[in-house]
Amino acid sequence: MFSFSQVILGQYLPGKTFFHRLDPRSKILSFIIITIGLLGTDKLWVIFTYLASLYFLYYLTELPVKYVIRGLKPMIWLLLITSLLHLLFTPGKTIMNIFFLKITEEGVRQAYFMGGRLITIVGFSLLLTYTTSPLDLTDGIGRLLKPLSFLGLPVQDFTLMMSIAMRFIPILYEEADRITKAQISRGADFGSGNLIEGARNFMPLFIPLLLCIFRRADELALAMEIRGYRSEGKRTRMRELKMKISDYFTLILLILLTVVVYIV
């Protein structure tokens, strides 16, 4: 039976490992460095190197394999479509003809390459969200964007909106799961029919979910207004972020590894 409770995108899994204890700013910067390294390479061995590093990091953080697999499930269709497009429409030496489509050696290589790149980026992003609480993650992003406030950009408002959005993700999953079970108990069928029929079957789910989103947003806005919230002024934090030696060491090591990989 279809259930939104199977989706764990952005879920935080508490732990006491080295990666959990890193400052969120260092983890965010590490993810940016890795993403730049993946997007800037055209070598398959580099992708495999990053995948091996990703497996090693998951082992160190003691994250269950089932959470990694469940986190990658929502990306399967994107992965298949991306790989298929590169497989069928990349010019090069033809190795097989399927009607008017040609499969080339370069297309096979690009399909593997793009699939591996996408899996690696998603895997590192899941590692970031699994080991960093939403509050720390938004606080870290806000600190990294703080220099932009001198240009007049509303960094504090952006950080607040992102924090609220991340906190609403598990709430919306619970609401969607509750509405789904209620509709199934009334005879709704979400798993049969073709693509168009499947989309039509989901309409009884989307409309109540949208109404729930608007209702919760209105309640939140009213609660903030009653408590006198204002975006102006300097905000204080219960726990101040502080970069440690391990954070600087991680960033320097990643930068050096990326440079060495490109030189090799």
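Reader: How many salt bridges does a search of the whole structure find?
Author: Happy to start there, with the reminder that this is a predicted model. A pair counts when a side-chain nitrogen of Lys or Arg lies within 4 Å of a carboxyl oxygen of Asp or Glu. Searching the whole structure that way gives a total of 7.

Reader: Is helix 7 roughly parallel or antiparallel to helix 8?
Author: Helix 7 covers residues 134-145 and helix 8 covers residues 155-185, and their axes come within 9 Å and cross at roughly 160°. Angles over 145 degrees count as roughly antiparallel. Helix 7 is therefore, relative to helix 8, roughly antiparallel.

Reader: How is helix 3 oriented relative to helix 6, roughly parallel or antiparallel?
Author: Helix 3 (residues 44-61) and helix 6 (residues 105-130) have axes 10 Å apart and pack at about 25°. The crossing of helix 3 with helix 6 is left-handed. Angles under 35 degrees count as roughly parallel, so helix 3 is, relative to helix 6, roughly parallel.

Reader: How many nonpolar residues are in the contact of helix 3 with helix 6?
Author: Helix 3 brings residues including Ile 47, Leu 51 and Leu 54, while helix 6 brings others, among them Phe 113, Ile 119 and Leu 127. Besides 4 polar and 2 charged residues, the nonpolar ones number 14.

Reader: What about helix 2: is it roughly parallel or antiparallel to helix 6?
Author: Helix 2 (residues 24-39) packs against helix 6 at about 180°, with the axes 10 Å apart. Among the residues that meet are Phe 31 and Leu 38 in helix 2 and Phe 124 and Leu 128 in helix 6. By class, this contact has 8 nonpolar, 3 polar and 2 charged residues. Since the angle is over 145 degrees, helix 2 is, relative to helix 6, roughly antiparallel.

Reader: Which residue takes a positive phi in the hairpin of strand 1 and strand 2?
Author: Strand 1 (residues 94-98) and strand 2 (residues 101-104) run antiparallel and are joined by 4 bridges. Thr 94 stands opposite Thr 104, and Asn 97 has Lys 102 as its bridge partner. The hairpin has 2 residues between the strands, and the residue with a positive phi, near 55°, is Phe 99.

Definitions and conventions: Residues are numbered from 1 along each chain as its sequence is written. This is a predicted model: local features need pLDDT of at least 70, side-chain atom pairs count only at pLDDT 80 or more; totals for chains, interfaces and linings use all residues. Side-chain values use heavy atoms; hydrogens and water are left out. Axes are lines fitted to C-alpha atoms, for helices over the stretch in contact, and angles run from 0 to 180 degrees between N-to-C directions. Angles under 35 degrees count as roughly parallel, over 145 as roughly antiparallel, 65 to 115 as roughly perpendicular and the rest as oblique. Two strands pair if DSSP finds at least two bridges between them. A crossing is left-handed if the near helix is turned anticlockwise from the far one by less than a right angle, and right-handed if clockwise. Contact means heavy atoms within 4.5 Å. Ala, Val, Leu, Ile, Met, Phe, Trp, Tyr, Cys and Pro count as nonpolar, Asp, Glu, Lys and Arg as charged, and the others, Gly among them, as polar.
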